[in-house]
Amino acid sequence: MTNLGDLEIFASVVSTGSMSLAGRALGFSPAVISKRIKRLEDRLGTRLLQRTTRQISLTEAGQGFYDRVLAILAGLEEAEDYIAGRSAQMHGTLKISAPTSFGRMHIAPHLKAFMDAHPELAIHLVLTDEFTDIVGGGFDLAIRIAELTDSSLVARRLAPVRRVLCASPAYIAARGQPGDIEDLRKHVCLPAHNNDAWRLDGPKGSMTLRPEGMLVTNSSEVIREAVIAGLGIALRSTWDIGQELQDGRLVQVLPAYEGSHNVTLSAVYPSRQFLPAKVRLFIDFLAELYGPVPYWER
């Protein structure tokens, strides 16, 4: 009988497209992964993968086998989740990726409540502003603030994201309030992430503005501190500067224009038929915590 671990290794190699990435996700060296794949092929008496120096692809037999392996693994996962769902406690580790600032401000403060409810479930939270490879990195889910286009992943919308143009009262007193969108070209703008363009929705629909600023950084938190300090005008999410807007340290500029409404806060996880109970529980927790009108907008 074929070793179940070999099936999991085979599925991981196919989903990541790489023996090294599959090894990293499963905790094996590429040499071990290659040996296990060869053992599986020898047992089946057929080649499952075409290997070149640049890529790995499925043979015709491999594709049919892969489809059936996914069904087997999904069935096993469903069975485990059935038992886990009936248990009073969740066990294991939940590995999560989230944006740095959002994770620090709106996930970390709420982890205690979730972990108190599930004391046997360990949390591995990785904060990064780069889009992580969920499968290759072995993540159970990722929190993303973006327009999602990756059809290989499943996404659940957690909350709307509202981004506004803002500046400090001191900056407005010194440089004046812009009267229209074209006036921004006369102001000091603070684009985040190395001069990324601003995609805005306004009275005339969607538009793209590429502001040029004297401060270039890959850190969103640096831009946040710079706009509060009065260095210029920035496009910021209300989850990031909601408190500053409320207490007057920042004021909204050109309120008729906001960041693209296609950007949302979502939980993203690998596409699979059955969602692990621990992932579902955490996503449900965040969805209830934030809601259709998140607390930073109230």
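This is a predicted model: local features need pLDDT of at least 70, side-chain atom pairs count only at pLDDT 80 or more; totals for chains, interfaces and linings use all residues.

User: What makes Met 19 buried or exposed?

Analyst: Met 19 comes out at 13% relative accessibility, so buried is the word here too. Met 19 sits in helix H2. Leaving aside residues up to four places away in sequence, it touches Val 13, Pro 30, Ile 33, Ser 34, Ile 37, Arg 51 and Ile 56; contact here means heavy atoms within 4.5 Å.

User: What is the aromatic pair of Phe 10 and Phe 65 called, and what is it based on?

Analyst: Rings of Phe, Tyr and Trp (its six-membered ring) pair if their centres lie within 6.5 Å; planes under 30 degrees apart are stacked, over 60 edge-to-face, and the rest tilted. By this rule there are 11 aromatic pairs. Phe 10 and Phe 65 are 5.4 Å apart centre to centre with 50° between the planes, which is a tilted pair. Phe 10 is in helix H1 (residues 4-16) and Phe 65 in helix H4 (residues 60-86), so the pair ties together parts 55 residues apart in sequence. Helices are DSSP runs (H or I, at least four residues), as are strands (E, at least two), numbered from the N terminus.

User: How do you know how H1 lies relative to H2?

Analyst: H1 and helix H2 (residues 19-26) pack at about 125°, with their axes 8 Å apart. Under 35 degrees is roughly parallel, over 145 roughly antiparallel, 65 to 115 roughly perpendicular, and the rest oblique, so H1 is oblique to H2. Axes are lines fitted to C-alpha atoms, for helices over the stretch in contact, with angles from 0 to 180 degrees between N-to-C directions. Residues making the contact include Ile 9 and Val 13 of H1 and Met 19 and Leu 26 of H2.

User: How do you know that Arg 144 lies over the face of Phe 131?

Analyst: The rule wants NZ of Lys or CZ of Arg within 6 Å of the ring centre and within 35 degrees of the ring normal. Arg 144 lies over the face of Phe 131 at 4.4 Å from the ring centre.

Technical notes: Residues are numbered from 1 along each chain as its sequence is written. Side-chain values use heavy atoms; hydrogens and water are left out. Buried means under 20% relative accessible area, exposed over 50%, partly exposed in between (1.4 Å probe, protein chains only).
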